[in-house]
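Subject: Structure handover and notes

Dear colleague,

I am passing on the structure below, and I would be glad if you kept it open while reading the notes that follow.

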Amino acid sequence: MIMIIMGLASLFIVHVNGENSLSFDHQKLSTDGHYDDQMQNMKAFKHSLLTRRQLVTPTISSSPAPAPQAMNQPPGSRLHVYEVTSYGADPTGKLDSTEALLKAITDAFNGPSEGFLMKGIANLGGAYINLQGGNYRISKPLRLPAAGVGNLMISGGTLTASDDFPTDGYLIDLSASSSSSSYNYEYITIKDLMLDCNYRGGGISVINSLRTSIDNCYIAHFNTEGILVQDGHETYIRNSFLGQHITAGGDPGERNFSGTAINLMGNDNAVTDVVIFSAAIGVMISGQANTLSGVHCYNKATGFGGTGIYLKLPGLTQTRIVNCYLDYSGIVAEDPVQLTISSSFFLGDAYILFKSVKGLAKGINIVDNMFSGSNTGIEIVQLDQSKGPFKQIDQVVVDRNNVNGMNLKATVAKGSVQGNGTSWTVDFSPVLLFPNLIDHVQYSVSSSGALFPSHALRNVSENRVVIESDVAVPASVFVTVDQGVSS
């Protein structure tokens, strides 16, 4: 395509020059500069095409290359690409590439910057550390030299921890001891990578950073966390796969899975379209205002002691879990306050557990989910009150969920009873979530007898509704109860 375009363009220039020669002599054409301008424009166009082609199809060399030099780029270009093989990194993984990779990162850190992002965060202008599709063995974490930069991407290869990699380290570590800004880094992108932790530490650590993107990564063989996010804001993890062991389910060693795939210890983060296929805990959340969407957890079955999603923020959960797939591993929430779980699928007796710490359960919506089990009597939503009962319950809605092979639990229920007499009892204890709690009752009495009895609600204790009349009549009683009406 490049050669065709260049050929057509050169024919066009020759044609124009030929026509001009009919009216102007050579001296006049050279004087007005029209020909020279055409040739200069053509050279610049050709150069831009060749440069772009070089960027799109970089070459990989297994042997160390000379020190990197500035790329020949068209005038005004601010693209900064740091190809790691130019620093001596070994793309075969046979030699340790730690120092070469750190040198590339340092050069990117010290490269030209254009103004600032957040105050104190220098804009590196889209600096790109290109791993060139190689597999690089490293013996210590890859860190930026200091805090205070942003608009940087690391992409396109595999990092493997060596046998002497520190067990408390992370292959890519976005942390800093101090920073002149409120945040260490801003707009760092980690993309298209495979991280093999070699059971020595974790994959990615993001500490007090802003607007970090982790996209299309495969993180395996961690023994701590696949991804740790601590403090900061707005780390987006998407289109990625994480597992301590590489498996597709039914692993004979599943009981021994350990570690946490994603640990969110900060606010305002999002995990979207992520698969977690082995770990003791799929996602641990101890920060507020986080969102999970399209997350598939089959990390370790609840029956083996695993948890798909663990919400460890008693008293201020503020978490939304939507359109997720909990595959034999469920959700645990400590003292949930402002929690939404909706449009999700729970398979293999996976369930939701509310764990009482100080007895709080407020602002909860568990609606429009599907639960499928093995007909062993497992309830879809359960309570752990081993540390004390739930005492402050308000605005809790568990409703509109459908069940196959599990026991339905809800905070809203309807029931009816028929009989001839003066008392009718509807027992909601098998379905209502909280014991001995009915906030609101609506009922109606339909009698086919000749009498028109007076009737009243007499009792709601132990989640049983008792309706009584002043005379004996044949009647049908219809009752609706609610545990979660606002107080």
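In what follows, Ala, Val, Leu, Ile, Met, Phe, Trp, Tyr, Cys and Pro count as nonpolar, Asp, Glu, Lys and Arg count as charged, and the others, Gly among them, count as polar. Please also bear in mind that this is a predicted model.

With those classes in hand, we can turn to the cavities. The structure holds four cavities of 30 Å³ or more, and the second largest cavity contains about 50 Å³ of space. Its lining is made up of Leu101, Ile105, Ile129, Leu131, Leu142, Ile154, Leu159 and Ile172, which divide into eight nonpolar residues, no polar ones and no charged ones. Helix H4 (98-109) and strand E5 (149-161) each supply at least two residues of this lining.

The salt bridges come to 11 by the rule used here. One of them joins Arg143 and Asp173, whose closest N and O atoms are 2.9 Å apart; this pair links distant parts of the chain, since Arg143 lies in strand E4 (residues 142-143) and Asp173 in strand E6 (residues 170-174), 30 residues apart. Arg143 is partly exposed at 40% relative accessibility, while Asp173, at 6%, counts as buried.

Another salt bridge is formed by the side chains of Arg211 and Glu186 (2.9 Å, N to O). Because Arg211 lies in strand E9 (residues 210-220) and Glu186 in strand E7 (residues 185-196), the pair ties together parts that are 25 residues apart in sequence. Here Arg211 is partly exposed, with a relative accessible area of 35%, and Glu186 counts as buried at 7% relative accessibility.

The side chains of Glu379 and Lys409 also meet in a salt bridge (3.9 Å, N to O). Glu379 sits in the loop between strand E23 (370-372) and strand E24 (381-384), and Lys409 in the loop between strand E26 (402-404) and strand E27 (412-427), so that the pair links distant parts of the chain, 30 residues apart. Glu379 is partly exposed at 28% relative accessibility, whereas Lys409 is buried at 8%.

With kind regards

Methods
Residues numbered from 1 in each chain as written. Predicted model: local features only at pLDDT ≥ 70, side-chain atom pairs only at ≥ 80, totals over all residues. Heavy atoms only, no water. 1 Å grid on protein atoms, 1.4 Å probe; cavity = no way out; pocket = protein on both sides within 12 Å on 5 of 7 lines; lining within 4 Å. Points joined across faces, edges and corners; volume = space filled by probe spheres on them. Helix = DSSP H or I, 4+ residues; strand = E, 2+ residues; numbered from the N terminus. Salt bridge = Lys/Arg side-chain N within 4 Å of Asp/Glu carboxyl O. Buried < 20%, exposed > 50% of the residue type's maximum accessible area, 1.4 Å probe, protein only.
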